[in-house]
Amino acid sequence: MGDDAFMENMRVVVVGAGIAGLTAACDLARTAPPGTEILVLEGSRRVGGKLAVSEVAGVPVDEGAEAALARVPEVLDLMTELGLGDEIVYPATTSASIAVAGTLRPVPAGTLLGVPTDLAALRGSELLSPAGLAAIDRDLTEPGEPVTQDVSVGALIRQRLGTEIVDRLIEPLLGGVYAGRTELLSLQATMPALAAQLRDNGSLVEAARAARAAAKAADGPVFATLRGGLARLALTLAEQPGITVRTGTPVRELARTARGFRLVTGSVPAPAAVEADAVVIAVPANKAAPLLATVAPRAASELAAVAVASMAVITLAVPRQAFPPGSGLLVAGAGAVKAVTLSSQKWAHLDTAEHVFIRASIGRRGEEHLLQRSDEELVALAVAQLASLIGLSGGPVDSRVSRWGGGLPQYDVGHTDRVRRIYEDVSAVPGLAVCGAAYDGVGVAACIRGAHHAAVAIRRKGQWTNG
Ligand SMILES: Cc1cc2nc3c(=O)[nH]c(=O)nc-3n(C[C@H](O)[C@H](O)[C@H](O)COP(=O)(O)OP(=O)(O)OC[C@H]3O[C@@H](n4cnc5c(N)ncnc54)[C@H](O)[C@@H]3O)c2cc1C
């Protein structure tokens, strides 16, 4: 086949039916020449990966991701293209609190993932002691050196702005996004806009101000979800024409052939081979590593080194009662519950007449042992902590525990260089692409964006007109 010709009757296999794999598959299906087969192989019995929804007290409530960044245009575009435009909902409130030693304080306005830009707002939140505020002031009067290499977020901010702001603001915020530890997380990967400004600015506060000013003045709500659950996005993608999704089909091996690739699925005693012209690997890092071991060995060993954090989401339906205002709270310091979403206050569609819904997240990196407790124990643990955090009275009328073992990849120091090396190795293999939470962002929006990039790489293989 000549380089300029379309590949006819091409088969593209996407491994993994999470949001990344399904978005890549549908993007490819929309642009593929007639005769192209887009086959998604999913190991589990359901589609969606970390997007899952089931009923609590008779109401569909997300088990995993519950909101996507609405300011990444690809998110609302995708929802609208899928005919879900009328189902998009925005938070009724986004104000949130931080629980510090049992007292709720507002998350101060004007921070960049916790790095303050508005010192008056920080002071007004009463989150920090006078000594903690003085440490922030020193960053402006005695700025440090510009930061030219990737460093640990926690170590840098602790050194420049003091320990208190790390413990009370940065750790809870990043703990919310990555379930991670700031001491291990990469500045470059978790706060790229700040890292860019710090290359020529020694003050963290000034760099955060410059990063905010450089960001396009975006308007509109920050987050969005779908009535009936964000997981509907994945379920709707899986039903799109032009793609075939096979669940219960884990891929165990991937090898190159003269025309493209051979994937091995099925059980060890009864293997089944699937031939493909191009392959998108859209599975978590630890699952992608063995699949890439022979076709892209450098990428495979880099992926094997990506750490993960595990967590559980405990969803409670409780009798209507008064809670602190706002969408929820983050918890500073020790305690199993690290974040609480007051779902019925955050989302109007979950504000039903009968009950209110609360979602408690348990587990940070290194706390896998928490997930080994029974559902009953985890619900009891959440109820007890919610009693002191938000004054919850009485037990739930219904509850659900969703365990997410290895649910979030950790973007440790050096992550962006690691991802660059992975992309280099993968892009050297014609017809191969990777996407998903392990690479350029763990959020749903970043996974959607990454999936579109993977589709572009695959189109090149097929020489499609709009690739
Ligand atoms: C509890 C929790 C809450 C979150 N909340 C939010 C939120 O509110 N907003 C937000 O933006 N992000 C959130 N995230 C992050 C986000 O949901 C995920 O990072 C994202 O959905 C990951 O998508 P993915 O397609 O990369 O991977 P996954 O969703 O993990 O999908 C990968 C799929 O591949 C399948 N698979 C694995 N191995 C194989 C194999 N060998 N063969 C075939 N199939 C295989 C898996 O079964 C899975 O279905 C949350 C994550 C968790 C865990």
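**Domains, ligand shell and local details**

A: The C-alpha centres of domain 2 and domain 3 lie 27 Å apart. Keep in mind that this is a predicted model.

Q: Which residues make up each domain?
A: Domain 1 comes in three pieces, 11-50 + 231-305 + 412-462. Domain 2 covers 108-214, and domain 3 covers 308-409. The bounds come from a domain assignment of the chain.

Q: How many residues of domain 2 are in contact with domain 3?
A: 11 residues of domain 2 are in contact with 12 residues of domain 3. On the domain 2 side, by class, there are 4 nonpolar, 3 polar and 4 charged residues.

Q: Switching to the ligand. Which residues are the closest?
A: G16, G18, G49, G407 and G436 are the closest. In total, 37 residues surround the ligand.

Q: What's the shell made of, by class?
A: 23 nonpolar, 10 polar and 4 charged residues.

Q: OK, the core. Which residues touch the most other members?
A: V15, A24, V280 and L292 do. The largest nonpolar core has 161 residues. Helix α16 gives the most to this core, with 10 residues.

Q: What is V280 in contact with?
A: Leaving aside neighbours within four places in sequence, V280 is in contact with V12, V14, V15, G21, A24, A433, C435, A454 and I458.

Q: Next, α6. Where does the helix bend?
A: At I170, by about 40°. The helix covers residues 163-178, and a proline, P172, follows the bend within four residues.

Q: Why is α6 called largely enclosed?
A: Because 12 of the 16 residues of α6 are buried, the rest of the structure largely encloses this helix. I170 and P172 are among the buried ones. R168 and E171 are buried too.

Q: What happens just after α6?
A: A179 takes a positive phi there, about 50°.

Q: Where is T182?
A: T182 sits in the loop between α6 and α7 (187-190). T182 is buried, with 24 other C-beta atoms within 10 Å.

Q: What does T182 touch?
A: Not counting residues up to four places away in sequence, T182 touches V153, G154, V166, I170, E171 and L174. I170 is where α6 bends.

Q: How far is S152 from V413?
A: Their C-alpha atoms are separated by 5.8 Å. Along the chain they are 261 residues apart. S152 is also in contact with V413, along with E183, L184 and L185, leaving aside neighbours within four places in sequence.

Q: Now V245. Which strand is it in?
A: V245 is in β12 (residues 243-246). V245 is buried, with 20 other C-beta atoms within 10 Å. A residue counts as buried at 20 or more, so V245 meets the cut-off.

Q: And which residues does V245 touch?
A: A17, V40, E42, V47 and A238, not counting residues up to four places away in sequence.

Q: Last topic, backbone angles. What is phi at L113?
A: L113 has a positive phi of about 45°, although it is not a glycine. L113 lies in the loop between β9 (111-112) and β10 (115-116). L113 is partly exposed, with 17 other C-beta atoms within 10 Å.

Q: And what is phi of E126?
A: Near 55°, again a positive value in a residue other than glycine. E126 lies in the loop between α3 (119-125) and α4 (130-141). E126 is partly exposed, with 13 other C-beta atoms within 10 Å.

Note on methods: Residues are numbered from 1 along each chain as its sequence is written. This is a predicted model: local features need pLDDT of at least 70, side-chain atom pairs count only at pLDDT 80 or more; totals for chains, interfaces and linings use all residues. Domain bounds come from an automatic or database domain assignment. Two residues are in contact if their C-beta atoms, placed from the backbone, lie within 7 Å. Ala, Val, Leu, Ile, Met, Phe, Trp, Tyr, Cys and Pro count as nonpolar, Asp, Glu, Lys and Arg as charged, and the others, Gly among them, as polar. A residue is near a molecule or strand if its C-beta atom, placed from the backbone, lies within 6 Å of it. A nonpolar core is a set of buried Ala, Val, Leu, Ile, Met, Phe, Trp, Tyr and Cys residues joined through C-beta atoms within 7 Å. Helices (H or I, at least four residues) and strands (E, at least two) are DSSP runs, numbered from the N terminus. The bend at a residue is the angle between axes fitted to the seven residues ending there and the seven starting there.
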